[in-house]
Amino acid sequence: WILRGRVKYSLFERTSSSYLGKVIKLFRSHDIVIRNNEMKGQLETAINIGGGLDTASEASKTVNRSYNIDIYHNIITRTGGSREDHGIYAIAFKDLLIYNNTISGWSPTGAGGAVKARNGEDIRIKKNAFKDSGVLLYVYNSKHPKYLKDVVIQGNTMTISGSNSAVKARGVSYWSDFDGAEEKDFFIEYNVINNGCIKLDFNKIDVPAVNGAVRNNQCPIINLKSGITNSGNTN
């Protein structure tokens with residue numbers, strides 16, 4: 001566990017792909033700032049945030065989760081590696097800020113993605129520049145808490161590699177592997193997504209209409225289930 005930690009003004013470079021290439025790994029940590037760093041090279045994951053929540057009772061206690069984490073002004077560049085597992089990967093989080101970072105090199109696939117966030121709450125992804133891939137949002141039945149809520153994805157620029165289609169990691173996508181996931185308060189707005197998509201497979205299709213918005217994005221493909229309100233979006 002790390003409590004009240006700071007990682008700043010540092011250079012991290014991996015030149016070998018022989019071992020797992022995770023640069024910073026946090027587990028049940030809180031009050032963390034990661035800012036003004038450069039991470040590059042043979043990366044699997046640049047920043048990994050975990051909570052290890054196998055039961056609902058664990059998830060009900062904030063101390064068992066990673067919370068109050070700010071990640072901003074970092075340059076993260078993956079140039080290769082034997083495997084990839086997302087640029088920033090957050091699980092069982094609470095109060096996570098990802099702001100004004102530049103992230104590139106991860107593929108626009110389920111294994112890639114500049115950011116993957118699942119099973120958590122209160123995440124703000126704002127004013128970042130993502131190249132090659134976008135943001136993956138998930139809820140898995142295998143971990144707690146079994147929800148994703150209070151999500152703000154705002155003012156980001158994403159330039160996606162490869163041919164355009166409405167698939168995961170090609171912009172902003174959400175998916176759950178079971179029907180009981182709670183999805184609430186999603187705000188996806190003012191993003192510019194080049195050669196990508198917004199694809200939201202909500203189980204509770206009325207939730208974004210009541211408690212969120214998909215609005216004022218510039219994106220060539222917006223694929224939403226019937227019943228999700230969106231406005232002001234352009235190609």
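Guide: Start with cysteine 219. Its sulfur lies 6.2 Å from the closest cysteine sulfur, that of cysteine 197, which is too far for a bond. Keep in mind that this is a predicted model.

Visitor: What is a disulfide, in general?

Guide: A disulfide is a covalent bond joining the sulfur atoms of two cysteines. The cut-off here is 2.5 Å between the sulfurs. A search of the whole structure turns up 0 disulfides. Cysteine 197 is in none, its nearest cysteine sulfur being that of cysteine 219.

Visitor: Are the two cysteines buried or exposed?

Guide: Cysteine 197 is buried, at 0% relative accessibility. Cysteine 219 is buried too, at 1%.

Visitor: Now the core. Where do nonpolar side chains tend to be in soluble globular proteins?

Guide: They tend to be buried together. In this model, the largest nonpolar core has 46 residues. Those touching the most other members are Ile47, Ile71, Leu96, Val115, Leu137, Ile153 and Ile198.

Visitor: Which residues is isoleucine 47 in contact with, leaving aside neighbours within four places in sequence?

Guide: Its contacts are Ile24, Ile34, Met39, Ile71, Ile76, Gly87, Ile88 and Tyr89. One of these, Ile71, is also among the core residues that touch the most other members.

Visitor: And on the surface, which residues form a nonpolar patch?

Guide: Trp1, Leu3, Phe27 and Val63 do. Together they have about 430 Å² of accessible area. Take tryptophan 1. It sits in the segment before β1 (6-8). Its relative accessible area is 61%, so tryptophan 1 counts as exposed.

Key. Residues are numbered from 1 along each chain as its sequence is written. This is a predicted model: local features need pLDDT of at least 70, side-chain atom pairs count only at pLDDT 80 or more; totals for chains, interfaces and linings use all residues. Side-chain values use heavy atoms; hydrogens and water are left out. Patches are made of residues with over 30% relative accessible area and no salt bridge: like charges are joined within 9 Å, nonpolar side chains (Val, Leu, Ile, Met, Phe, Trp, Tyr) within 5 Å. Accessible areas come from the Shrake-Rupley method with a 1.4 Å probe; for residues, only the protein chains shown count as cover. A salt bridge is a side-chain nitrogen of Lys or Arg within 4 Å of a carboxyl oxygen of Asp or Glu. Helices (H or I, at least four residues) and strands (E, at least two) are DSSP runs, numbered from the N terminus. Buried means under 20% relative accessible area, exposed over 50%, partly exposed in between (1.4 Å probe, protein chains only). A nonpolar core is a set of buried Ala, Val, Leu, Ile, Met, Phe, Trp, Tyr and Cys residues joined through side-chain atoms within 4.5 Å. Contact means heavy atoms within 4.5 Å.
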